[in-house]
Amino acid sequence: MRRSAFLDDLTPADRHVGRALLTLPVGALAAALAAVIGGVFVMALFTGLLDGGFDQSKALLESLSKPGAGVSDLITLLFVLCLATATNGGMAVAFAGVAALLHHRRLRSYLTSAPVYRWRLTLLGLALFSLIVGPLLAASARLDPHAPPTPILTLTSSFDGRLAHAVGAIILLLLAAAAEELVFRGWLLKLTGAFTRKVWMILLINGVAFSAVHLDPNPDAFLVRAVLGIGLAWATLRLGGVEFAVGAHAANNIIIVLFLQPMTLAPEAPHPFRWQVLPICAVMLAIHVGLAELVARTPRLSRWAGVATA
């Protein structure tokens, strides 16, 4: 792990403290501008697609600002997913672009150490995580007597609507996951790897930062996201790029949006620490690490996914 291909291209420019500190304010300004552009683009897109034009797009946006705002229909869901993907994606690319410029590196280097992005590795992460973790998440939800109804079955009753729900969620959540991975398992992992090769420290910083940016005040939710970040960082170091992490991250979000709970913009209500998350975190970390090791240690899978090119 200390000799990860993902960290092999680090140079003295990556260890320049001044450039690293300058990345934060300049990157934040670029990200804010990109978010505004992304939001305007989505508003223009839905203005052209919806019968009500700009008035309906404006009404959708205003409905999301209400306390406890939730998603109750397919159009609102697609609007929220498009808005989140466009704004977060633009912010991630802008921020990482500034970092790449200041540290004299290509933007692609925050994604992979291979010559090109390995789409097969992303598909492998998506498939393996869905097949192994998907049934576990679904079973746990069904065992909960207070579990909400399955979103893909309730937001719309038509086959075309459910197909649009599934396709839209898969494509948009893949892009959203790629944006988060670009910043956290890309830029942040490179940055911490430039200053230390202690694997435990790299993983811990990545997990804590990833969880902190979600601004969830509940400590059990913080722990779950931190463990998720650690598992995805392990996969990135082990496989030489963020491709597998993008697939696994997207699969987690897709399963939730399609099968587990309706999407909501309201923050979770504060609650005491739920101790049952501890075994869940242990299992989740073992699965992320185990799947990454499976790909790395299985020659046929490794060759097919292009791991050897990293």
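## Salt bridges: definition and total

A salt bridge is counted where a side-chain nitrogen of Lys or Arg lies within 4 Å of a carboxyl oxygen of Asp or Glu. The structure is a predicted model, in which local features need pLDDT of at least 70, side-chain atom pairs count only at pLDDT 80 or more, and totals for chains, interfaces and linings use all residues. Residues are numbered from 1 along each chain as its sequence is written, and side-chain values use heavy atoms, with hydrogens and water left out.

Across the whole structure, the search returns nine salt bridges. In general terms, side chains of opposite charge can pair when their charged atoms come close.

## Aspartate 216 and arginine 225

One of the salt bridges joins the side chains of aspartate 216 and arginine 225, with an N to O distance of 3.2 Å. Aspartate 216 is buried at a relative accessible area of 15%, where buried means under 20%, exposed over 50% and partly exposed in between (1.4 Å probe, protein chains only). Arginine 225, at 25% relative accessibility, is partly exposed.

## Arginine 238 and glutamate 293

Arginine 238 and glutamate 293 also form a salt bridge, their closest N and O atoms lying 2.8 Å apart. Arginine 238 belongs to helix α8 (residues 219-239) and glutamate 293 to helix α10 (residues 277-297), so this pair ties together parts 55 residues apart in sequence. Helices here are DSSP runs of H or I with at least four residues, numbered from the N terminus.

The two partners fall into separate accessibility classes: arginine 238 is partly exposed at 29%, whereas glutamate 293 is buried at 12%.

The side chains of aspartate 9 and arginine 105 meet in a salt bridge of 2.9 Å, N to O. This pair links distant parts of the chain, 96 residues apart: aspartate 9 is in the segment before α1 (17-49), and arginine 105 is in the loop between α3 (74-102) and α4 (119-143). Aspartate 9 is partly exposed, with 31% relative accessibility, while arginine 105 is buried at 14%.

Both residues belong to a network of salt bridges that links Asp9, Asp14, Arg105 and Lys190.

## Helix α6

Helix α6 (residues 159-195) contains 37 residues and reaches 52 Å from its first C-alpha to its last, close to the 54 Å expected at 1.5 Å a residue. That expected span is 1.5 Å times one less than the number of residues.

At glutamate 181, α6 bends by about 35°; the bend is the angle between axes fitted to the seven residues ending there and the seven starting there.

## Cysteines

The search of the whole structure finds zero disulfides, a disulfide being a pair of cysteine sulfur atoms within 2.5 Å. Cysteine 82 is buried at 16% relative accessibility, and cysteine 281 is buried at 5%.

How values were computed
Helix = DSSP H or I, 4+ residues; strand = E, 2+ residues; numbered from the N terminus.
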